[in-house]
Structures are given as C-alpha cells and as structure tokens.
Amino acid sequence: MTPVIRIQREDFDLNAELAALTAGRRDIGAVVSFSGLCRDEGGTLAALELEHYPGMAEAEISRVAEEAIARWPLQGLVAIHRHGLIRPGEQIVLVAAASAHRRAAFEAAEFLMDYLKTRAPFWKREHLVDGSVGGWVEAKAEDDAAASRWDGSE
Amino acid sequence: MTETVVEPFVATRAIKLVYFAWVRERVGLAQETVSPPAGTLTILDLVRWLKTRGEGYEAAFANETIVRAAIDHAHVKPDTPLAGASEIAFFPPMTGG
C-alpha cells in the first residue's frame with residue numbers, strides 16, 4: 001500500500017480526498033480523517049504563515065506513514081499539509097486512514113497526526129490584523145507527550 | 001616579499017547549511033556553504049564552531065539544546081557524526097499540523 005503524501009500551497013477538498021481513498025474498494029470498513037484548521041482565538045489573527053523545509057517535509061511524513069503502515073493493517077493512508085499564508089477558518093492539514101475495522105483506522109490517524117506535529121519540518125508564524133507580524137508559534141510540551149505515548153507500546 | 005600565512009587549521013570539505021524559521025532570521029541567511037575546521041566531527045562540534053562566527057549565530061544557537069538538526073533530510077541528534085553529510089539543516093522545534 002502506497003500512502004498519498006502531498007505538501008502544497010493550495011487548499012484541498014476533504015470529500016474528494018476521502019472519495020479517492022475508497023474508490024473502487026470493497027474491503028474498507030472504516031475511514032477516519034482529521035482536518036486541522038487555522039484558528040483565531042482573540043480576533044487578532046489575520047493569517048498563519050507556514051514555513052517548511054522542502055524535500056524533508058515529504059521525506060519525514062513518508063517515514064511516519066511507513067511506520068503507521070507497519071503497525072496497523074491499513075488499506076489506505078493520506079497526509080496533506082499546506083504551507084504559505086493560511087487564514088482563520090481555512091484548512092491546514094489532513095490525515096486519513098482506511099482499514100477493515102475502526103480501531104486500526106482511529107489509531108493510525110491519531111498516530112500520524114501526533115508524529116506529524118512533532119517531526120514534520122513546518123513552523124508557524126502569526127500575522128496579525130493590525131498588519132504586524134507576530135512571533136513564531138512555540139512548540140508545546142503536550143505535543144511531545146502526545147507523540148511519545150506511541151513509543152514502545154504494542 | 002610577503003611571507004606565506006599558514007592557515008591555523010586545515011579546512012574540511014564544504015558543507016551546505018540551511019536554516020529555517022527563527023534560526024534563519026537570527027543567522028540572517030537561508031543557506032550558505034561552509035568549510036568547518038578539521039576536528040569538527042559532530043553536529044554539536046559544528047554548532048560550537050558556528051557560534052564563533054558572529055552575533056547572529058550566537059543568538060541563533062544561544063541554547064544549544066533547543067535548536068534541532070537534520071542531515072540530508074533526516075532528524076539527527078547533537079552527537080551524530082557529520083561524515084558523509086551533504087546538507088545540514090538547523091531549525092526550531094516544529095510547530096506544524
């Protein structure tokens with residue numbers, strides 16, 4: 001099974017991606033997807049700027065996807081991550097996992113997302129509504145903790 | 001007649017460095033090619049040599065344990081040898097997703 005991995009500036013169509021994941025298949029019983037959106041909490045955010053490391057972003061997400069494929073019986077896997085300026089309400093990231101049963105699909109999607117947050121080379125910076133460029137978003141310890149709980153289990 | 005100036009150390013082969021996010025901003029460059037001195041064997045050796053190259057580098061690598069590194073598109077640790085590396089990246093902890 002070859003995972004679908006894309007790093008792109010443009011938006012993606014969630015329904016089209018999920019339809020492609022299951023097209024022509026009769027053996028998929030579960031599809032779990034996660035979409036991450038750009039969020040504004042205080043009315044101050046104009047956009048998030050996502051910088052990435054071209055080449056390594058694809059390579060690292062591919063390595064994480066291969067780990068997921070090795071751990072769970074999956075029939076399909078999609079990971080799409082955008083870069084550039086993304087406004088509140090817009091989609092940033094999609095992961096989706098397809099399997100015969102829900103447990104593998106749920107776990108693989110969550111694993112992929114947890115690892116993608118701590119290992120894929122992307123960095124967010126805030127652009128504020130007053131026209132200024134805010135600081136770089138700081139990495140959260142809880143994201144490291146979320147990823148590390150997959151270590152050594154199973 | 002001018003005397004030949006003896007280099008204080010022998011330069012190793014050139015390595016491409018790339019920087020991202022606030023590491024890029026503090027260094028003031030997105031990429032450069034450097035020839036670190038012989039004896040620069042690991043990522044940490046390279047970081048300590050880079051810190052001698054100016055204020056920007058010092059600011060970028062002030063906390064040696066915060067900045068992450070990759071060799072040829074794969075994450076590495078500070079004690080990873082540089083041998084065979086063609087592109088080394090330095091960047092802050094990642095905040096994608």
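A:Gly152 sits in the segment that follows helix H4 (141-148) of chain A; helices here are DSSP runs of H or I with at least four residues, strands are E runs of at least two, and both are numbered from the N terminus. A:Gly152 counts as exposed because it has 6 C-beta neighbours inside 10 Å (exposed is 12 or fewer other C-beta atoms within 10 Å, buried 20 or more, partly exposed in between, with C-beta atoms placed from the backbone). From A:Gly89 it is 63 residues away in sequence and 36 Å away in space, C-alpha to C-alpha.

This is a predicted model, in which local features need pLDDT of at least 70 and side-chain atom pairs count only at pLDDT 80 or more, while totals for chains, interfaces and linings use all residues. Residues are numbered from 1 along each chain as its sequence is written, with chains lettered from A and ligands numbered from 1 in the order in which they are written.

Over in chain B, five strands make up an open, mixed sheet in the order S2-S1-S5-S3-S4, where pairing takes at least two DSSP bridges between two strands. Strand S2 (31-34) and strand S4 (74-76) of chain B are the edges, each pairing on one side only. Within chain B, strands S3 (residues 68-71) and S5 (residues 87-91) run antiparallel and are joined by four bridges; B:Ile71 stands opposite B:Ile88 in S5(B).

As for the largest nonpolar core, it has 55 residues, and A:Val95, A:Ala108, A:Leu112 and B:Ala89 have the most contacts inside it (such a core is a set of buried Ala, Val, Leu, Ile, Met, Phe, Trp, Tyr and Cys residues joined through C-beta atoms within 7 Å). Helix H3 (residues 102-119) of chain A gives the most to this core, nine residues.
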